[in-house]
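Trainee: I am new to this structure and would like to understand the words used for its helices. Could you take me through them?

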Amino acid sequence: MKKLKTLVTSVVVLVMLMGMAATANAWTLFLPIQGFHKNVERALLREKYEEPQEAKEYWAKAAELGEELLESNAERTSYLIGTARAYYGLGEYEKSIGLYEKIIEIKKGQKVEDIAADYPWVYVYLGLANAKLGNNVDAVKYWKQVPQKIGPVYNSIQEQIGVLEGKQTAAVQ
């Protein structure tokens, strides 16, 4: 009887320890995700209120946490989009472009029919990052895929396409 009681106690303790370890593991996974999303939100707000230095600080934290999250789940769209946007906010346009293009590759592999319709901001930022690097042909290529449904930004993009195509025509002549 005593052996049975000891065995039951040992099992209960073991289950409790396993539960605590699982909870701790869940928290270590949850905290970077929560911090990542909060830093992206804070950076966007700082940009909105024209506080560029504070925005860059949040973008840097978001990029760091985003890279950490991508190590464990390299194809998670929300991590890719947030990390790509963080690099754009930091002025690291080539890294931003690489991550946005990876999203397109992944979605093509998942047989998403109209990636631009489902993820229009990927194409907006691909155009912006390429334009910042002076890659006007690529900027226009991505912006031409942006659907009108994104609202007023669409009109600005169309204007920029006209400007860039005007520059391209002038350069050819």
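Mentor: Gladly! Let us begin with a term: a crossing is left-handed if the near helix is turned anticlockwise from the far one by less than a right angle. With that in mind, H6 passes H7 in a left-handed crossing. Please remember that this is a predicted model.

Trainee: Why are H6 and H7 called roughly antiparallel?

Mentor: Compare the angle with the cut-off. The axes of H6 and helix H7 (residues 136-143) cross at roughly 165°, and angles over 145 degrees count as roughly antiparallel. H6 and H7 therefore get that label. Their axes come within 8 Å.

Trainee: Which residues of H6 and H7 meet?

Mentor: From H6 come Tyr123, Val124, Leu126, Gly127, Leu128, Asn130 and Ala131, and they meet Asn136, Asp138, Ala139, Tyr142 and Trp143 in H7. By class, this contact has eight nonpolar, three polar and one charged residues.

Trainee: What makes H4 and H6 roughly antiparallel?

Mentor: Helix H4 (residues 93-109) and helix H6 (residues 120-132) pack at about 150°, with axes 9 Å apart. The cut-off is over 145 degrees, so H4 and H6 are roughly antiparallel to each other. H4 passes H6 in a left-handed crossing. On the H4 side the contact uses Tyr93, Ile97, Tyr100, Glu101, Ile103 and Ile104, while H6 brings residues including Val122, Tyr125 and Ala129. The contact divides into ten nonpolar, one polar and two charged residues.

Trainee: And how do you know that H3 and H4 are roughly antiparallel?

Mentor: H3 and H4 pack at an angle of about 160°, and their axes are 7 Å apart. Angles over 145 degrees count as roughly antiparallel, so the term applies to H3 and H4. Their crossing is left-handed. Among the residues that meet are Leu80, Ile81 and Arg85 in H3 and Tyr93, Leu99 and Tyr100 in H4. Ten nonpolar, three polar and four charged residues make up this contact.

Trainee: How much space lies in the largest pocket, and how does its lining divide by class?

Mentor: About 170 Å³ of space lies in the largest pocket. Its lining has eight nonpolar, three polar and one charged residues. Arg85 is part of that lining, and Arg counts as charged.

How values were computed:
Residues numbered from 1 in each chain as written. Predicted model: local features only at pLDDT ≥ 70, side-chain atom pairs only at ≥ 80, totals over all residues. Heavy atoms only, no water. Axes fitted to C-alpha atoms, helices over the stretch in contact; angles between N-to-C directions. Helix = DSSP H or I, 4+ residues; strand = E, 2+ residues; numbered from the N terminus. Parallel < 35°, antiparallel > 145°, perpendicular 65-115°, else oblique. Contact = heavy atoms within 4.5 Å. 1 Å grid on protein atoms, 1.4 Å probe; cavity = no way out; pocket = protein on both sides within 12 Å on 5 of 7 lines; lining within 4 Å. Points joined across faces, edges and corners; volume = space filled by probe spheres on them.
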